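User: I've just opened this one and could use a hand reading it. Can we go through it step by step?

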Amino acid sequence: MEMETITTAIGAAITSLSTNIQTMIGTNLPALLGVAAIFIAIPAVWGLVKRFCR
């Protein structure tokens, strides 16, 4: 394989992958935000609990 062919193939793969990711995020954005909120909230609550329990 020539270098240009490899570069083109990689570029096409990245483009299709990013499109797929955008589609997945677009359809699952509320779910992703919910999961992200949980992962952000749990350590924050845990820190507050530890602070108050001292």
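User: What percentage of the 54 residues in the protein chain is buried?

Analyst: Keep in mind that this is a predicted model. To count as buried, a residue needs under 20% relative accessible area. Across the 54 residues of the protein chain, the buried share comes to 0%.

User: How many helices and strands does the protein chain have, and is it spread out or a compact globule?

Analyst: The secondary structure amounts to one helix and zero strands. For 54 residues the globule rule gives 10 Å, but the radius of gyration here is 21 Å, well over that, so the chain is more spread out than a compact globule.

User: Which residues form a nonpolar patch on the surface?

Analyst: Together the patch has about 530 Å² of accessible area. One of its members, isoleucine 21, lies in helix α1 and is partly exposed at 40% relative accessible area. In an α-helix there are 3.6 residues a turn, so residues three or four places apart point the same way. The patch is made of Leu17, Ile21, Ile25, Leu29, Leu32 and Leu33.

User: Is arginine 51 exposed or buried?

Analyst: Arginine 51 sits in helix α1, and its C-alpha atom is 47 Å from that of threonine 15, 36 residues away along the chain. The cut-off for exposed is over 50% relative accessible area. Arginine 51 has 60%, so it counts as exposed.

User: And how far apart in space are threonine 5 and cysteine 53?

Analyst: Threonine 5 is also placed in helix α1, with 40% relative accessibility, which makes it partly exposed. In sequence, threonine 5 and cysteine 53 are 48 residues apart. From C-alpha to C-alpha, the separation is 62 Å.

Terms used
Residues are numbered from 1 along each chain as its sequence is written. This is a predicted model: local features need pLDDT of at least 70, side-chain atom pairs count only at pLDDT 80 or more; totals for chains, interfaces and linings use all residues. Side-chain values use heavy atoms; hydrogens and water are left out. Patches are made of residues with over 30% relative accessible area and no salt bridge: like charges are joined within 9 Å, nonpolar side chains (Val, Leu, Ile, Met, Phe, Trp, Tyr) within 5 Å. Accessible areas come from the Shrake-Rupley method with a 1.4 Å probe; for residues, only the protein chains shown count as cover. A salt bridge is a side-chain nitrogen of Lys or Arg within 4 Å of a carboxyl oxygen of Asp or Glu. Helices (H or I, at least four residues) and strands (E, at least two) are DSSP runs, numbered from the N terminus. Buried means under 20% relative accessible area, exposed over 50%, partly exposed in between (1.4 Å probe, protein chains only). The radius of gyration is taken over C-alpha atoms; the globule rule is 2.2 Å times the number of residues to the power 0.38.
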